[in-house]
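Biologist: I am new to this structure and would like to know what stands behind the words used for it. Please show it to me and then take my questions in turn.

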Amino acid sequence: MFPIFKGGSKEDPSNYRPISILNTTCISKIFEKHVSTQLHDFLKRKDILHKSQSGFRPGYSCQSALINMVQKWMTALDKGEIVGSVDFDLVDHDILFYKLKLYKFNDITLKWFTSYLENRTQVVKVGDNVSAKQSIKTGVPQDSILGPLLFLLYINNLQHNVDQVAKWCKKNNMS
């Protein structure tokens, strides 16, 4: 894991964001690509991903998604509404596995993804200094082929939930 400076005092550790980088082999990349292709086919065939999901998907533009998102955030902020985001490192594995079950992933596939995400460790390297290994309890690998797809599945229902909360607030004169 490499700490990336966000801003503020460089002496304050809370001003750094962790980025997990995988130490992968060519074989693991080939295997991940195969699994990724199968996963893309499954998601498309079952029409699982929300229409607003455009990141990390073939044929979708991240630029237009970003423009749309920033516009929605600015409108919400102008109205005094709350705006938030989710990061790769915040993916709760138990919630992700629960969602995979809801999306009808079979038991063998669920066991494979559990094996893929669990029992990972990380170190922090700053210059020549390296920390002790620590267990990774949350997040998906950022330097992987599957990490972005798993992240999309994790946040897939967010838009639906946001829409439902907005409708409820409007109905109850809380907009």
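**What the terms rest on**

Modeller: Helices (DSSP runs of H or I, at least four residues) and strands (runs of E, at least two) are numbered from the N terminus. The model is a predicted one, in which local features need pLDDT of at least 70 and side-chain atom pairs count only at pLDDT 80 or more, while totals for chains, interfaces and linings use all residues. Residues are numbered from 1 along each chain as its sequence is written, and side-chain values use heavy atoms, with hydrogens and water left out.

Biologist: What makes the phi of Lys-104 worth a remark?

Modeller: Most residues other than glycine have a negative phi. Lys-104 is not a glycine, yet its phi is positive. Lys-104 sits in the loop between helix 3 and helix 4.

Biologist: Why is Lys-104 called exposed?

Modeller: Exposed means over 50% relative accessible area, buried under 20%, and partly exposed in between (1.4 Å probe, protein chains only). Lys-104 has 68% relative accessibility, so it counts as exposed. Asp-47, in the loop between helix 1 and helix 2, is exposed because its relative accessible area is 64%. Asp-47 also has a positive phi, near 50°.

Biologist: Why is His-34 called partly exposed?

Modeller: His-34 has a relative accessibility of 47%, so it falls in the partly exposed class. This residue belongs to helix 1.

Biologist: How do you know that the buried residues of helix 3 lie on the same side?

Modeller: The residues concerned are His-93, Leu-96, Phe-97, Lys-99 and Leu-100. They cover an arc of only 160° around the axis, so they are on the same side of helix 3. The arc is taken over the directions from the helix axis to the C-beta atoms. On the face turned away are the exposed residues Asp-94, Tyr-98, Lys-101 and Leu-102.

Biologist: How do you know that the buried residues of helix 4 line one face?

Modeller: In helix 4, residues 107-117, the buried residues are Leu-110, Phe-113, Tyr-116 and Leu-117. Seen down the axis they fall within an arc of 120°, and therefore line one face of the helix. They pack against helix 1, helix 3 and helix 5, where contact means heavy atoms within 4.5 Å.

Biologist: What makes Asn-106 a cap of helix 4?

Modeller: A side-chain oxygen of Asn-106 lies 3.2 Å from the backbone nitrogen of Ile-108, at the N-terminal end of helix 4. A polar contact is a pair of N or O atoms within 3.5 Å; within protein, one must be able to donate a hydrogen and the other to accept it, and residues adjacent in sequence count only if both atoms are side-chain atoms. Asp-92 caps the N-terminal end of helix 3, with a side-chain oxygen 2.9 Å from the backbone nitrogen of Asp-94.

Biologist: Why is Trp-73 called partly exposed?

Modeller: Trp-73 lies in helix 2, residues 62-78. Its relative accessibility is 32%, so it counts as partly exposed.

Biologist: How many helices and strands are there in the protein?

Modeller: The protein has six helices and six strands. Of its 175 residues, 29% count as buried.
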